Amino acid sequence: MSKLKISEDWTSTIVGWFIILLVVFQLKPHWPSFSWLDADALMNKVFTLDNVGHALIVFCFMFLMALIAGLFTGKKLKMIAASFPVVFFLTLLAMVVGGNKFLKDWGFETVIFSLLIGLFISNIFYIPKWLKESLSSELFVKIGLVLLGTTVLFDDLLKAGALGLIQSCVVVFTVWNFCFWLCRKMKIDKEMSLMLSSAVSICGVSAAVATAGAIKGDKTKLSYVVSLVLVVAVPMILIMPGLAKLMGLPEDMAGAWIGGTIDTTGAVAATGAIYGEVALQTSTIVKFSQNVLLGVAAFLISIYWSYSKKEVTEEKPTLKVIWLRFPKFVLGFVAASLVFSFCVAPEVVSDAKPILKNIQGMWFALAFMSIGLETDFKSLITSENRRSTYAFLGAQAFNVVFTLFVAWILFGLIA
């Protein structure tokens, strides 16, 4: 009998939807707590026997999904059995570090600690060949992206109201195109340009990851973009509320400005809360409405990349060729978003969404741990990455000024 093997894209879609169905039908693991403020909470909340037991159940669940995915893609299951526990428990360490309330309030997400721990280990210690060869970062990212679709709901567009929706569409379209133009002017390659443009204009880490998956982007470039997004978000948490107060912006306008410019949802919430309750609500709603546009953007970028990519044979990009090149997991992502937005009862969505978000976050954390373990740190320090930093900062500066102008028109003159 021939060995079962299907593409990574279809595998991620199948496994992602299998997880979605399990959770919707109430077959879901109890999620462990990683949140802690001080050493006392760390010992008495995170490292309790009960919480460790929940973590082991999550490990069994994720391990089973990884084995199913390996079976579909034709990988040797004994390699997955040997490597996955190593990656998982290193990722648990990153999640414990990232669970610190102080770090979370400053917008540092778990994925950055996964990446840093992986980079530290791979560049200080010897990584066995069998472990490096069995890492599945791209597959983990794609499964996480399919699950991300369940949290990107079109209801959030309605909550944003007409003004929030108009701002999101105008800002995302304008800032994305400005960043892409700037990157190309600075002779940054198209792959990096697409990731930077999506990250700075839509929703930071998730947008960069979705774009990298859609164009089969280089993992080293993706890790650099993610690091850039999270590092730049930190000073903005401090600077933007002060600037808003200095300019005397009302809370709704300040919230719209904050939600449209800061690239991570956690940092948006932290910054909005500093300014006031209305600013927190407005900034969160505006950011959610931008998040919804991620599905549309990922789909359009996939089509663009499939059409523009040149084969060695210079094959004419017919519809058949575009379909063959098109990343199929994007369909799983869009389908999940549409089904959870329009076809599933609201009470089922509210019940399933938190656990699916946790599982999606775990796949992303596993992916970035894998990227770190297979990346040489020296490969991150390149002249092109320095140009990418300048382009990102230039686009973010434009984003700050342009979004303030749009927020002033919509929430100051029209509202």
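**Exercise 1.** Which Phe and Trp residues form one aromatic cluster?

*Solution.* Keep in mind that this is a predicted model. Pick out the rings and you get Phe59, Phe63, Phe84, Phe88, Phe89, Phe140 and Trp363 as one cluster.

**Exercise 2.** Take two pairs, Phe63 with Phe84 and Phe405 with Trp408, and work out how the rings are arranged.

*Solution.* Start with Phe63 and Phe84: the ring centres sit 5.7 Å apart with the planes at 10°. Planes under 30 degrees apart count as stacked, so this pair is stacked.

Now Phe405 and Trp408: here the centres are 6.3 Å apart and the planes at 35°, so the pair is tilted. These two are three residues apart in helix 19 (residues 383-414), about one helical turn. Phe405 is partly exposed at 45%, and so is Trp408 at 40%.

**Exercise 3.** What does Ile359 touch, leaving aside its neighbours within four places in sequence?

*Solution.* First find the largest nonpolar core, with 128 residues; Ile359 is one of those touching the most other members, along with Ile19, Met62, Phe84 and Trp363. Helix 18 (residues 346-373) supplies the largest share of this core, 14 residues. Then list the contacts of Ile359: Ile19, Val23, Trp31, Phe61, Met62 and Leu147.

Key:
Residues are numbered from 1 along each chain as its sequence is written. This is a predicted model: local features need pLDDT of at least 70, side-chain atom pairs count only at pLDDT 80 or more; totals for chains, interfaces and linings use all residues. Side-chain values use heavy atoms; hydrogens and water are left out. A nonpolar core is a set of buried Ala, Val, Leu, Ile, Met, Phe, Trp, Tyr and Cys residues joined through side-chain atoms within 4.5 Å. Buried means under 20% relative accessible area, exposed over 50%, partly exposed in between (1.4 Å probe, protein chains only). Helices (H or I, at least four residues) and strands (E, at least two) are DSSP runs, numbered from the N terminus. Contact means heavy atoms within 4.5 Å. Rings of Phe, Tyr and Trp (its six-membered ring) pair if their centres lie within 6.5 Å; planes under 30 degrees apart count as stacked, over 60 as edge-to-face and the rest as tilted.
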